[in-house]
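These are my notebook entries on a structure that is new to me.

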Amino acid sequence: MRWDPAEYLRYGDERLRPALDLLARIDAAPGRVVDLGCGPGNVTAILKQRWPGADVLGVDGSGPMLERARAAAAGCRFAQADFGGWTAEAAVDVLYSNAALHWLGGHEGLLPRLVGQLAPGGVMAVQMPAMHAAPIRALQHQVAAEGPWAPLLAEIGGAPPILEAGQYWDVLRPISSELDIWETVYLHALSGENAAVQWASGTSLRPFLDPLPADLRAQFLAAYSAAVAPHYPRRADGTTLLPFRRLFIVARR
Ligand SMILES: C[S@@+](CC[C@H](N)C(=O)[O-])C[C@H]1O[C@@H](n2cnc3c(N)ncnc32)[C@H](O)[C@@H]1O
């Protein structure tokens with residue numbers, strides 16, 4: 001999948017808030033910090049500000065995202081790797097991941113493996129959207145299956161559903177000395193035309209758009225916009241409200 005940092009950062013303020021809420025819950029004085037799925041690096045830079053003496057490493061699978069991150073986060077190191085195969089060079093004190101791990105399935109194995117990368121007493125802090133059933137996500141699959149683009153999108157799954165909160169508890173509790181899991185529904189107040197579609201175009205819609213030639217992409221976007229519009233109407237002041245459920249996990253080894 002091809003990431004576009006500029007498109008992703010269009011709603012940067014809204015996307016930053018859960019990252020900061022997660023950061024606020026980490027009680028640590030780390031030497032080694034990893035930002036897994038660091039994307040454009042704006043949050044990596046904040047991790048470095050919070051712990052200036054730490055070695056902060058951003059890891060991501062996307063070349064364009066890493067290019068942006070290197071420019072955004074002075075004093076941090078970056079590496080290109082897939083979450084699926086990534087292992088730490090040395091035990092990590094804070095393993096932070098904001099809005100990234102939901103792109104990969106198999107969390108019953110992945111999250112315990114990540115806790116295994118922590119030093120004793122180290123903290124894993126994860127935030128992921130829990131939006132699989134919401135119209136903005138569910139309609140992507142529905143529209144993908146229904147138009148002339150359907151044969152080209154037949155194999156596209158998008159980001160898989162994350163687990164239920166209780167399932168994360170069950171896999172992480174036996175290997176955590178402390179565990180805190182919570183959910184928050186943010187009411188993102190978006191400005192601009194067609195805002196819910198613009199939001200999705202920076203993230204969850206990308207796997208559906210990338211495989212299509214320009215003409216079909218435009219038709220798909222029009223059909224998706226029409227399907228989504230009634231669920232996210234503009235308010236009298238022009239704002240579009242996007243309810244967005246996010247799951248947070250803070251686990252100490
Ligand atoms: C929505 S962005 C989040 C970026 C950043 N953490 C933030 O808070 O703004 C998700 C990032 O995860 C990366 N990503 C998704 N799946 C990945 C995988 N399997 N391996 C490595 N990186 C992946 C993408 O390249 C993208 O930069």
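Before reading any strand partners I noted the rule that two strands pair if DSSP finds at least two bridges between them. I also noted that helices (H or I, at least four residues) and strands (E, at least two) are DSSP runs, numbered from the N terminus. The model is a predicted one, in which local features need pLDDT of at least 70 and side-chain atom pairs count only at pLDDT 80 or more, while totals for chains, interfaces and linings use all residues. Residues are numbered from 1 along each chain as its sequence is written.

Entry on the sheet.
I looked up the strand order and found seven strands in an open sheet, E3-E2-E1-E4-E5-E7-E6, with mixed pairing. Strand E3 (77-80) and strand E6 (178-190) are the edge strands, each pairing on one side only. Ignoring direction, neighbouring strands of this sheet are turned by 15 degrees against each other on average; for such values, axes are lines fitted to C-alpha atoms, for helices over the stretch in contact, and angles run from 0 to 180 degrees between N-to-C directions.

Entry on the strand pairs.
Strand E5 (residues 118-129) pairs with E7 in the antiparallel sense over seven bridges, and Ala125 stands opposite Val250 in E7. E6 and E7 also run antiparallel and are joined by 13 bridges, with Leu190 opposite Thr240 in E7.

Entry on H5 and H8.
I then asked at what angle the axes of helix H5 (residues 107-115) and helix H8 (residues 165-172) cross. They cross at roughly 45 degrees and come within 10 Å. H5 and H8 are therefore oblique to each other, given that angles under 35 degrees count as roughly parallel, over 145 as roughly antiparallel, 65 to 115 as roughly perpendicular and the rest as oblique. In this contact Glu108, Leu111, Pro112 and Val115 of H5 meet Tyr168, Val171 and Leu172 of H8. The residues of the contact divide into six nonpolar, no polar and one charged, where Ala, Val, Leu, Ile, Met, Phe, Trp, Tyr, Cys and Pro count as nonpolar, Asp, Glu, Lys and Arg as charged, and the others, Gly among them, as polar.

Entry on H6 and H11.
Helix H6 (residues 135-144) and helix H11 (residues 214-228) pack at an angle of about 135 degrees, with their axes 10 Å apart, which makes H6 oblique to H11. I listed Pro135, Ile136, Leu139, Gln140 and Val143 on the H6 side, and Phe220, Ala223, Tyr224, Ala227 and Val228 on the H11 side. By class, this contact has nine nonpolar residues, one polar and no charged.

Entry on the ligand.
Last, I looked up which of the 20 residues around the ligand come nearest, and found Gly37, Gly39, Gly61, Ser62 and Trp103; a residue is near if its C-beta atom, placed from the backbone, lies within 6 Å. The shell has 10 nonpolar, seven polar and three charged residues.

Note on methods. Contact = placed C-beta atoms within 7 Å.
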